[in-house]
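Welcome! Take a moment to look over the sequence and the model shown here, and then we can walk through them together.

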Amino acid sequence: MAESTFSKISWTEFHPDQRRLATGAALTGLGMLISAAGAGLLVYELARAGRTWTGSWDVHPTELASRTLHQAQAAAQSAKRAGREAWQSYDETSTP
């Protein structure tokens, strides 16, 4: 089997500058902290604005959700009843 190029590399000559690596790691960590703080501020402001916006509605969101749920339940019952009636009234002899 042929020897790979990777095994031919002399890794004893690889010496990165430790000070630059540490500086890069520190800057990366600082950037991550700043980015996390920015994301936190963004989420906080969106949540605050959403609560203010929904608080100004005439109908509270909970009441609106409850109404919509009841409407969906009534529609499902109606569709179920209509399907049952269509199934029961189906006449096979009238189809070609």
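## Overall fold

Helices here are DSSP runs of at least four residues, numbered from the N terminus. This is a predicted model, and its protein holds 3 helices and 0 strands.

## Surface

How much of the protein is made up of buried residues? The share is 0% of the 96 residues. The accessible surface comes to about 9,100 Å², and carbon and sulfur atoms account for 63% of that.

One spot to look for is a nonpolar surface patch of about 490 Å², formed by Phe6, Ile9, Trp11 and Phe14. Phenylalanine 6 sits in helix H1, which covers residues 5-8. This residue counts as exposed because its relative accessibility is 58%, and exposed means over 50%.

## Salt bridges

The protein has 3 salt bridges. In one of them, arginine 20 pairs with aspartate 17 at 3.7 Å, N to O. Arginine 20 is exposed, at 66% relative accessible area, while aspartate 17 is partly exposed at 40%.

Helix H2 (residues 18-55) contains both glutamate 45 and arginine 48, 3 residues apart, or about one turn of the helix. Their side chains form a salt bridge at 2.5 Å, N to O. Glutamate 45 is partly exposed at 36% relative accessibility, and arginine 48 is partly exposed at 38%.

In helix H3 (residues 61-89), arginine 67 and glutamate 63 lie 4 residues apart, again about one turn of the helix. They too meet in a salt bridge, at 3.3 Å, N to O. Arginine 67 is partly exposed at 43% relative accessibility, and glutamate 63 is partly exposed at 38%.

Key:
Residues numbered from 1 in each chain as written. Predicted model: local features only at pLDDT ≥ 70, side-chain atom pairs only at ≥ 80, totals over all residues. Heavy atoms only, no water. Helix = DSSP H or I, 4+ residues; strand = E, 2+ residues; numbered from the N terminus. Buried < 20%, exposed > 50% of the residue type's maximum accessible area, 1.4 Å probe, protein only. Areas by Shrake-Rupley, 256 points an atom, 1.4 Å probe, with all protein chains shown as cover. Patch = residues over 30% accessible without salt bridge, like charges linked within 9 Å, V, L, I, M, F, W, Y side chains within 5 Å. Salt bridge = Lys/Arg side-chain N within 4 Å of Asp/Glu carboxyl O.
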